[in-house]
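Please look through the sequence and the model shown here before reading on. The paragraphs after it take one part of the fold at a time.

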Amino acid sequence: MSFTTSRAHMKERSLRSLLNGRLHCKRFNSKYTPPISSFSYIHDDALSDIKKEEIAKHMQDLGPFPNYSNILNPQHFYQNTVLLDYSKKHPHPVSLRQLAGYGNTLTKQKIINSANFVRIELPIRLAMRIRDLQVLPFGVVNNFHMAQLYESYYHSFNAFRKIGKINTIEENEKFCAILSALLDDHTFNLPHLMMGALEVSIAESLPQEKLDSFMSTMLRSRISRRLIVEEHLSLSENYRKMPYVKKPPHYLGEIFQNCKAVEHLNEVAERVKSLLCNQNPLAKELPKLEIDGDLNCEFQFMIPHLHYMFHEILRNSFEATLNTTKEGFLPPVKVTIIDSKHDVMFRISDQGGGLHNSQLKSIWSFGKSPELARKSLANFHRIPGLQLHSNLQFTASGSSVVTPKESSSDTDDVEWASGNKKSTLEDLMARPHEYKLGMGLPMCSVYADYWNGALQMNSLEGYGCDTSLTLKKLGYHSNVIQLDRA
């Protein structure tokens, strides 16, 4: 075969490949394996030819701004003077003690004042975070997951800034219904934030230090906003049920509950074990949890945050022990509780083989290697029940639409309640144990730091890890709780 004929033959094959869906869409019986690109995290076998053809139909929609969005467009992104005006305002610093003292004895005027504080404060805090997204490299903020987050934040900002002054309890009831609906409508924010960080890691669009700083700011701000909203909902519900009732001296709010450390450790450990039992062949030989120290320790805390931190740490210890011990006796995971005047410390020790010193620093970072980030991102897509779609509603002009839940009674009142809100943390904890996300410890570190505590780990390679979780007692530190981290 001549050189000219060979080139013609190669050209013909190349054109045929393009017509059949390009090289990346070869059929599975082909011996050709496409190279892994910066954005490949779903294995080729996971996509059928039909799905690939469906994806290909939307290729022409790609552009600098997504055409499906009423919010992400040049006019909004670069010329939104309303947003810029709000982002220049300063949030009002508020401590947990101030919120708790405010709710110690409730009156009608206190509830109305609290509603107006939330109404004014939330748009300022949201505008600051939207501005943080805008100053990121455009390739980052235009990432699908970050774009979902951006649109969600602007949806809330747009809704809050248009709410008028609240003057009556009846108006506050409607306002609470809007708050409750917004909390439920935005449960997908946390998964999108985490998945966006993983895709940024895959594309290597941000240095690790900048990504960690951005994620920490976003998470702390999210905690503060939700605390302010949930505290107002609980105040309003308490006033509705028991107006003018005086709270005990150390009252911190209904969203903080008295926690007996041993009970919560055992409860979370049983949940972790039940997840491990579903997949592990050594289901009948799981490590035991041994607790010693101050067994009567009690303190006030937010249970979802406490459970999430316990869950991720114990999950790692149990899995490491199972993976290291191939046969015979499984060493227990030990927890020592130290109850001091100002804080509570939990020392979790395992014999799971430990980590190399070079790994200790990277476990606290949201930035992952592209290879690890691809695996974690694929696992996110496999988590059952995790909401990743947006159900936010906008008008054609981009105005936000919030639809409170209708009351089941015959009245025209809307329905809301401060308890039993949707929790993304619950969905993350309930995931099958084999779906590793690589985000558990960085998330726990941010939560611990938010509550003025700390999360640290020491490792003896070849033996095991010691993880120490310190939580400040909120009654002693409630004046410095970082609700001002807007």
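This is a predicted model: local features need pLDDT of at least 70, side-chain atom pairs count only at pLDDT 80 or more; totals for chains, interfaces and linings use all residues.

Residues are numbered from 1 along each chain as its sequence is written, and side-chain values use heavy atoms, with hydrogens and water left out.

The protein chain has 18 helices and nine strands, where helices (H or I, at least four residues) and strands (E, at least two) are DSSP runs numbered from the N terminus. Of the 486 residues in the protein chain, 50% are buried, a term that means under 20% relative accessible area, with exposed meaning over 50% and partly exposed in between (1.4 Å probe, protein chains only). Among the contacts in the protein chain with a separation of 6 or more, 81% come from residues 24 or more positions apart, a contact being heavy atoms within 4.5 Å.

Five strands form an open sheet with mixed pairing, in the order β2-β4-β5-β9-β8; two strands count as paired if DSSP finds at least two bridges between them. Because β2 (289–293) and β8 (454–460) stand at the edges with a single partner strand each, one side of each is left without a neighbour in the sheet. From one strand to the next, the twist averages 15°, with axes taken as lines fitted to C-alpha atoms, for helices over the stretch in contact, and angles running from 0 to 180 degrees between N-to-C directions. In general, strands of a sheet pair through backbone hydrogen bonds, either parallel or antiparallel.

In β9, M457 has T467 as its bridge partner, and L460 has G464. The two strands form a hairpin with three residues between them, and G462 in the turn has a positive phi of about 95°. L455, M457 and S459 make up the covered face of β8, while A454, Q456, N458 and L460 make up the uncovered one.

Which helices pack against these strands? Helix α13 (residues 303–324) packs on the sheet and touches β2, β4 (333–339), β5 (343–349), β8 and β9, its direction making about 175° with that of β9. Helix α17 (residues 440–450) lies across β8 and β9 and runs at about 135° to β8.

Helix α17 is mostly covered, since nine of its 11 residues are buried, including L441, M443, V446 and Y450. The cover of these buried residues includes α10 (189–203), α11, α13, α16 (424–429), β8 and β9. Just after α17, N452 takes a positive phi of about 60°.

On the α11 side, S216, L219, R220, R222, I223, S224 and L227 meet M443, V446, Y447, D449 and Y450 of α17. The residues of this contact divide into seven nonpolar, two polar and three charged, with Ala, Val, Leu, Ile, Met, Phe, Trp, Tyr, Cys and Pro counted as nonpolar, Asp, Glu, Lys and Arg as charged, and the others, Gly among them, as polar.
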